[in-house]
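Here is a friendly tour of one protein chain. Take a look at the structure first, and then follow the notes below.

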Amino acid sequence: MENKKGQLTGHIMALISICIWGSTFIFSKIMLRDFLPLQIMTLRFIVAYIVLWCLYPKMEDTTVKDDIGIFVLSLFGNTVYFLCENNALRYTLAANVSILVASAPIWTAVLAHFFTKNEKVRRNMIYGSALAFAGVALVVFNGTVVLKFHPLGDILSLGAALSWAVYSIIVGRYVNKFSSFFLMRRTTFYAMLVSAPMLIISGQGDMHLEYLLQKDTLFSLAFLGILGSGVSYVLWNMATRTLGVIKVNAYIYINPFVTMITAGIFLKEPVTAMGVAGAVLIIGGVVLGVRERKSAAEVEGAAEAPQELPSQE
């Protein structure tokens with residue numbers, strides 16, 4: 001019973017994280033009126049770090065090896081991922097980026113299968129991924145089927161997906177060693193250390209912070225920093241600890257669906273029958289992918305259960 005409650009909690013945390021991430025694009029678009037992508041990334045890291053420090057000011061013991069690993073974790077999960085994704089949008093269609101980045105669970109499953117001991121690809125995960133990925137394509141196109149290949153942008157999009165896959169494999173090694181709050185706080189700290197010099201080198205360090213006095217811009221930064229780069233990552237790491245790397249990443253397929261819904265609500269973008277059909281496929285694929293398959297011993301035990309007296313708790 002306790003294990004089932006833990007699993008349910010893990011699914012809820014993963015779903016909350018995806019709902020937050022699927023909504024971030026709206027607030028990113030608002031901030032793009034006054035700030036460049038690298039500036040937005042740095043600002044949201046700063047906000048996330050301050051919030052995470054306030055929520056969890058405790059220090060935890062780390063070794064040099066731990067710090068190196070967490071630095072690499074930060075590099076792939078924050079800096080490289082965001083840079084690949086944001087720059088991909090400059091060279092290819094948004095639809096291409098959405099679909100290729102949504103392939104992250106596939107790459108994660110492949111890496112986990114070969115580089116972890118307990119995370120192996122199961123048959124229902126393969127079928128669920130295929131179903132969900134087809135749904136992603138329908139949701140992304142949402143009635144307007146346009147598919148053009150732009151090599152540089154598409155490669156960057158795949159780079160973002162692979163970067164997230166590497167992050168997922170590495171984070172699996174630390175979620176049981178450190179608290180999720182401390183792990184995310186340290187990860188965000190390293191992300192700031194990397195992004196700050198990049199701002200200076202690129203000549204983007206001179207930001208017009210007075211724009212943050214605008215209510216919608218300030219709210220957007222708060223959402224991106226507190227929820228998008230802070231709370232959601234903490235919940236995601238907790239879900240990873242409970243569900244495992246492969247299973248939790250299946251929820252990434254829901255991301256375009258959440259984006260479609262939030263765009264329809266806040267930006268009045270149309271939701272077509274194709275988008276709805278895609279949403280159904282995504283949900284069906286995720287449910288199939290995360291479903292637990294009972295072992296032969298469990299099935300046999302269940303068959304014999306009626307002959308036993310119920311336990312007293």
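Asp-216 is partly exposed, with a relative accessible area of 32%; here buried means under 20% relative accessible area, exposed over 50%, and partly exposed in between, using a 1.4 Å probe and protein chains only. Its salt-bridge partner is Arg-33, and the closest N and O atoms of the two are 2.6 Å apart. A salt bridge is a side-chain nitrogen of Lys or Arg within 4 Å of a carboxyl oxygen of Asp or Glu. This is a predicted model, in which local features need pLDDT of at least 70 and side-chain atom pairs count only at pLDDT 80 or more, while totals for chains, interfaces and linings use all residues. Residues are numbered from 1 along each chain as its sequence is written, and side-chain values use heavy atoms, with hydrogens and water left out.

**Salt bridges**

- The whole structure holds 3 salt bridges.
- Arg-33 counts as partly exposed, at 48% relative accessibility.
- Lys-177 and Asp-66 form another salt bridge, with an N to O distance of 2.8 Å. Lys-177 lies in the loop between α7 and α8 and Asp-66 in helix α3, so this pair ties together parts that are 111 residues apart in sequence. Asp-66 is buried, with a relative accessible area of 5%.
- Asp-67 and Arg-186 also meet through their side chains in a salt bridge, at 2.7 Å from N to O. This pair connects helix α3, where Asp-67 is found, with helix α8, where Arg-186 is found, across 119 residues. Arg-186 counts as buried, at 14% relative accessibility.

**Overall layout**

- The chain has 13 helices and 0 strands; helices (H or I, at least four residues) and strands (E, at least two) are DSSP runs, numbered from the N terminus.
- Of the 313 residues in the chain, 46% are buried.
- Contact means heavy atoms within 4.5 Å. Among contacts between residues at least 6 apart in sequence, 91% join residues at least 24 apart.

**The nonpolar core**

- A nonpolar core is a set of buried Ala, Val, Leu, Ile, Met, Phe, Trp, Tyr and Cys residues joined through side-chain atoms within 4.5 Å.
- The largest such core has 76 residues, and those with the most contacts inside it are Ile-18, Met-31, Trp-164, Leu-183, Trp-236 and Tyr-251. Helix α9 (residues 215–243) gives the most to this core, with 9 residues.
- What does Met-31 touch, leaving aside its neighbours within four places in sequence? Its contacts are Ile-40, Leu-43, Leu-212, Thr-217, Ser-220, Leu-221 and Leu-224.

- Glu-60 is placed in the loop between α2 (37–55) and α3 (64–91). Glu-60 is buried yet has no salt bridge, and the nearest side chain of opposite charge, Arg-185, is 7.4 Å away. For charge, Lys and Arg count as positive and Asp and Glu as negative, while His and the chain ends are not counted.
- The side chains of Glu-60 and Tyr-56 are joined by a polar contact of 2.7 Å. A polar contact is a pair of N or O atoms within 3.5 Å; within protein, one must be able to donate a hydrogen and the other to accept it, and residues adjacent in sequence count only if both atoms are side-chain atoms.
- Beyond its neighbours within four places in sequence, Glu-60 is in contact with Phe-178, Ser-179 and Phe-182.
- Asn-78 belongs to helix α3 and is buried, with a relative accessible area of 2%. Not counting residues up to four places away in sequence, Asn-78 touches Met-41, Phe-45, Leu-73, Met-184, Thr-187, Ala-191 and Tyr-233.

**Tyr-174 in its loop**

- Tyr-174 lies in the loop between α7 (151–171) and α8 (180–201) and is buried, at 10% relative accessible area.
- The C-alpha atoms of Tyr-174 and Ile-70 are separated by 8.2 Å, although the two residues are 104 residues apart along the chain.
- Leaving aside neighbours within four places in sequence, Tyr-174 is in contact with Lys-65, Asp-66, Gly-69, Ile-70 and Leu-183.
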